[in-house]
Every structure is written in C-alpha cells, then in structure tokens.
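Welcome! Take a moment to look over the sequence and turn the model around, and then let us walk through a few of its features together.

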Amino acid sequence: MRKPLIAGNWKMNFVTSEAVEFTKALVSNKFNDDVEKLICVPSVHLSELSKLLKGTDIKLGAQNMYFEESGAFTGEVSPTMLQDLKVDYVIIGHSERREIFKEDDEMINKKVISALAHSITPILCCGETLEEREKGVQEEKVKTQLIEDFKGISAEDAAKVVIAYEPIWAIGTGKTASTEDALQMIVFIRKMISELYNSETAESIRILYGGSVKPDNIREFMETGEIDGGLVGGASLKADSFAALVNY
Ligand code: PGA
C-alpha cells in the first residue's frame, strides 16, 4: 500500500521568524494520520525546524543538495549535512533548478544516487514545457528524463524514490493540469518504471502530481487512486491551506 504524501515546497520564501511561526502553527493542527506530511524548506531553516519538528509526524525536507559529501563546492549543501540535521527528504531536479540553474539529467542522476546512499528520500521531479505539451511530445520528454535520472539505480533503491510529475506550464501559474492529463502521465510513468525495473517496483513507487495544487482540487487527484499525493508550492505557504490539503 502506498502512503499518500502531501509535500509543501516553500521555494525561496520566509525569513527565520516567519518559518518558525509557520511551523509552530502547523504542528498545532489536527491532521489525517493516513497521510504523510512534509515541508521542504530553504536550507537556512533546516536546523531550527529540525528541532521544532522533532517528535511530531511532520517530516522535514530540503529543496536541493549537491552530490559530494564535502569539499570545495562554494554555496552548496551536502547530503552529510542534511543527514546530520535528520532531514528525511530532498527535492531533486525541480524544474526551477533545471531551468534557472541549468542542472542536467547527469547531475540529477548523481544527486538521486547520493541522496539514496545517505538514506534521504529523493523527490525526483520531471515534467514537460508548454511547447512540448503542445507538440504532443510530453511522454517522450518525461521518459527521457526518467531513463537518465534512474541510471545505475537498483530496483530496490528505485522503489524508495518519490517521483513528482510537474508540468512546467502548471507551476505557479494557476493553470492546473486536468485530472485526466495528470492521471494519463502518472499511469505512463508507472508503466515505464515497470519496464525499466519490474511490476513490484512500479507498484511501490509513489508518484505525486505538482503544479497549482490547491485545497479545492487535491481531492479529485487523490480520488484517481493512482496519484499518490501532491508537491505543492504556493498553497503550502499558509498553515490552514496546508492542513486542508492534508485533510483532503
Ligand atoms: P505551485 O508549485 O504549487 O506553486 O504551482 C509547485 C512546485 O513548483 O513544486
């Protein structure tokens, strides 16, 4: 049974006092126990929030990491540092990292391997641009990304990865993919994982949808039974909205 996951992606928002206030408000909420709850926060907040979330059932995630453990990589955060702060998850290959920071699939693959080696669950993002969707090549695009990103990863490790399908045109735009479009892609991804690995891996891997997920559309995605949760940006930045997403 795949446990649903609602993952907030704060992106580059909140100074420390706001992050602390938000997290305190969050932990005081009553949440659905059957849903896994996660906030992926800017790395400067990880230390403080790790203390606040200790003993709660809200998991902590980073939004990025480098694949090496230490060394001359100015500005980067290592998996060892995340592990030390008891970080459970790390977003890898978000479209903003791919587009703005020019991360390619080779680097993303190394990051996924490194996260797994440090017992941090990678949330691997994939998705097509509007242009690719209009040309009808969205499945090819996602397939290419995933083949590259899963290179050299065993079936046992692959089953631990969380995939987030995020069509780029739906991120932060208010334009949500229709349930049918999201479902079609997620079914396609599961089939692909089954071909790359086996049906057992495909059945256990969790696949999220992301892109303008809100309290008023999350239920429809979840009711498909195929979409295992959401990676949520904007709507995760208010404690009551995050709670409403979890309690869909
Ligand atoms: P959004 O962002 O919910 O604000 O569209 C999702 C994401 O980029 O992870």
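Which residue has a side chain joined to that of Asp149 by a polar contact? The partner is Arg98, and the contact spans 3.0 Å. Please keep in mind as we go that this is a predicted model.

You will find Asp149 in helix H7, and its relative accessibility is 0%. Because buried means under 20% relative accessible area, Asp149 counts as buried. Leaving aside residues up to four places away in sequence, Asp149 touches Arg98, Asp105, Ile108, Asn109, Val112 and Leu124.

Several of those names return when we turn to a pair of helices. Two packed helices are described by the angle between their axes and the distance between the axes. Here, H5 (105–117) and H7 (residues 138–149) pack at an angle of about 50°, with 8 Å between their axes. That angle makes H5 oblique to H7. On the H5 side, the contact is made by Asp105, Ile108, Asn109 and Val112, while H7 contributes Gln145, Glu148 and Asp149. Sorted by class, the contact of H5 with H7 has two nonpolar, two polar and three charged residues.

Now follow the chain to the loops on either side of H5. The loop between helix H4 (95–100) and helix H5 holds Lys102, and the loop between H5 and strand S5 (121–126) holds Ser119. What is there to notice about the backbone of these two? Most residues other than glycine have a negative phi. Lys102, however, has a positive phi, near 55°, and Ser119, also not a glycine, has a positive phi of about 55°. Are these residues buried or exposed? Since exposed means over 50% relative accessible area, Lys102 is exposed at 67%, and Ser119 is exposed at 64%.

Our last stop is the ligand. How many residues surround the ligand? There are 13, and the closest are Lys11, His94, Glu166, Gly172 and Ser212. Glu166 also has a polar atom to look for: an N or O atom in the side chain of Glu166 is 2.7 Å from an oxygen atom of the ligand. An N or O atom in the side chain of Asn9 is 3.4 Å from a ligand oxygen atom. The backbone takes part in this list too, with a polar backbone atom of Gly233 lying 2.8 Å from an oxygen atom of the ligand.

Definitions and conventions:
Residues are numbered from 1 along each chain as its sequence is written. This is a predicted model: local features need pLDDT of at least 70, side-chain atom pairs count only at pLDDT 80 or more; totals for chains, interfaces and linings use all residues. Side-chain values use heavy atoms; hydrogens and water are left out. Helices (H or I, at least four residues) and strands (E, at least two) are DSSP runs, numbered from the N terminus. Buried means under 20% relative accessible area, exposed over 50%, partly exposed in between (1.4 Å probe, protein chains only). Axes are lines fitted to C-alpha atoms, for helices over the stretch in contact, and angles run from 0 to 180 degrees between N-to-C directions. Angles under 35 degrees count as roughly parallel, over 145 as roughly antiparallel, 65 to 115 as roughly perpendicular and the rest as oblique. Contact means heavy atoms within 4.5 Å. Ala, Val, Leu, Ile, Met, Phe, Trp, Tyr, Cys and Pro count as nonpolar, Asp, Glu, Lys and Arg as charged, and the others, Gly among them, as polar. A residue is near a molecule or strand if one of its heavy atoms lies within 4 Å of it. A polar contact is a pair of N or O atoms within 3.5 Å; within protein, one must be able to donate a hydrogen and the other to accept it, and residues adjacent in sequence count only if both atoms are side-chain atoms.
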